[in-house]
Amino acid sequence: MMRGAREQRVAFSPIKEAAAVPKEEVWEVRPGGMLVQKRSPDADPPPGGAPVPTIRVKVKFNGVYHEIYINAQASFGELKKLLSEKTGLHPDDQKVVYKDKERDSKAFLDMAGVKDRSKMLMLEDPAAKAKRLLEERRTSKAERAAKAIARVALDLDKLATKVSALETIVSKGGQVVDADVVVLTEALMNELVKLDSIAADGEVKALRRAQEKRVQKHVETLDAIRAKQSKASGKARPPRQPPAAQQQRRQFQPPAPTTATAPAPQTQTASWETFDLLSSVPSTSAAPVTTMAPATTTTPSPRFEWELF
């Protein structure tokens with residue numbers, strides 16, 4: 001009687017009832033339209049407790065068969081990873097053909113009908129390889145650009161500290177050396193040149209643009225410091241006074257005429273000496289002075305004194 005009571009208590013224990021409740025099943029639709037239970041790596045073994053069998057498949061590549069031991073419920077992607085270890089071919093560059101049909105990496109072996117000692121064919125996919133290489137090159141280029149921008153950002157942090165120190169001095173009414181401002185400006189422009197030489201796309205381009213804005217902001221701050229210093233020095237400097245001699249010259253200088261008149265043209269005159277063509281003795285009478293006048297003016301004819309023999 002006591003034994004039966006104990007068995008009855010164990011049979012109606014709430015712990016056993018909770019353990020007997022099955023877990024909720026999750027279903028998924030395969031590419032072919034078949035509704036199957038979803039698999040996961042952490043899934044429990046089948047109700048019978050039997051482990052999933054391991055099968056041996058033969059894959060031919062470049063005339064050589066490779067034997068692969070794999071889980072019967074594994075995917076073709078897992079099979080490609082194992083083949084990559086034996087052949088050295090990247091999984092993304094492989095093309096697995098089973099029963100004259102290329103199999104997707106997400107498809108499962110048992111769903112495709114793969115059994116123990118099944119044979120497959122593996123080919124190299126040139127298009128997939130070229131695509132993968134381009135993607136790797138693009139990724140590598142983006143990584144190099146990101147590292148270059150990070151180095152420039154570190155240099156900008158150091159320069160930003162110096163700029164803020166100068167700004168603090170000027171804000172407190174102090175004076176800074178103009179050469180220091182010029183050197184900092186040139187250093188910032190050099191960093192800007194480095195940023196312009198970096199080719200970037202997408203997120204890396206946004207990072208480069210952010211650093212360019214930082215450089216522009218620091219350069220504007222330095223320009224404001226120089227302008228503030230030049231303005232302060234201009235107020236402190238007295239106005240320049242002209243020399244005393246220059247002031248006197250400006251004081252006694254006569255006013256300039258309002259209208260300018262051209263001087264009258266002067267005509268040059270020439271005196272001519274007359275000779276007697278009939279006598280060797282020149283005449284004492286002076287010839288009248290003629291001026292270089294226009295052709296319309298006439299001169300009087302000279303008078304000569306004649307002697308009789």
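Start by selecting Asp178 and Arg226, whose side chains form a salt bridge with an N to O distance of 3.3 Å. Here a salt bridge is a side-chain nitrogen of Lys or Arg within 4 Å of a carboxyl oxygen of Asp or Glu. The pair joins distant parts of the chain, with Asp178 in helix H6 and Arg226 in helix H7, 48 residues apart. Helices (H or I, at least four residues) and strands (E, at least two) are DSSP runs, numbered from the N terminus. Asp178 counts as partly exposed, at 37% relative accessibility, and Arg226 is partly exposed at 37% as well. For this tour, buried means under 20% relative accessible area, exposed means over 50%, and partly exposed lies in between (1.4 Å probe, protein chains only).

Before moving on, a word about what is on your screen. This is a predicted model, in which local features need pLDDT of at least 70 and side-chain atom pairs count only at pLDDT 80 or more, while totals for chains, interfaces and linings use all residues. Residues are numbered from 1 along each chain as its sequence is written, and side-chain values use heavy atoms, with hydrogens and water left out.

**Stop 1: helix H5**

Now select residues 126-171, which make up helix H5. This helix has 46 residues and spans 66 Å from its first C-alpha to its last, close to the 68 Å expected at 1.5 Å a residue; the expected span is 1.5 Å times one less than the number of residues. At the start of H5, pick out Asp125: one of its side-chain oxygens comes to within 3.4 Å of the backbone nitrogen of Ala127. After the helix comes Gly173, which has a positive phi, near 90°.

Glu135 is partly exposed, at 44% relative accessibility.

**Stop 2: the largest nonpolar core**

Which residues have the most contacts inside the largest nonpolar core? Select Leu166, Leu188, Leu222 and Ile225 to see them, within a core of 21 residues. A nonpolar core is a set of buried Ala, Val, Leu, Ile, Met, Phe, Trp, Tyr and Cys residues joined through side-chain atoms within 4.5 Å. H5, helix H6 (178-196) and helix H7 (203-236) each supply at least two residues of this core. H5 gives the most, with nine residues. In soluble globular proteins, nonpolar side chains tend to be buried together.

Zoom in on Leu222. Setting aside neighbours within four places in sequence, Leu222 is in contact (heavy atoms within 4.5 Å) with Val163, Leu166, Val181, Leu184, Thr185 and Leu188. Apart from this core lies another, of 19 residues, among them Val57, Ile70, Tyr98 and Val114.

While you are in helix H7, select Glu212. Is Glu212 buried or exposed? Glu212 counts as buried, at 13% relative accessibility. Not counting residues up to four places away in sequence, Glu212 touches Leu192, Leu195 and Asp196.

**Stop 3**

Select residues 54-61 (strand E3) and 64-71 (strand E4), which pair in the antiparallel sense over eight bridges. Two strands pair if DSSP finds at least two bridges between them. Val57 has Ile68 of E4 as its bridge partner. The hairpin has two residues between its strands, and Asn62 takes a positive phi near 55° there.

Show the side chains of Arg56 and Glu67 too, which meet in a salt bridge at 4.0 Å, N to O. Arg56 lies in E3 and Glu67 in E4, so this pair ties together parts that are eleven residues apart in sequence. Arg56 is buried, with a relative accessible area of 18%, whereas Glu67 is partly exposed at 35%. A search of the whole structure finds ten salt bridges.

**Last stop: Gln94**

Finish at Gln94, in strand E5 (residues 94-97). Gln94 is buried, with a relative accessible area of 3%. The side chain of Gln94 reaches the backbone oxygen of Lys80 at 3.3 Å. Leaving aside neighbours within four places in sequence, the contacts of Gln94 include Lys80, Leu83, Thr87 and Met122.

Conventions: A polar contact is a pair of N or O atoms within 3.5 Å; within protein, one must be able to donate a hydrogen and the other to accept it, and residues adjacent in sequence count only if both atoms are side-chain atoms.
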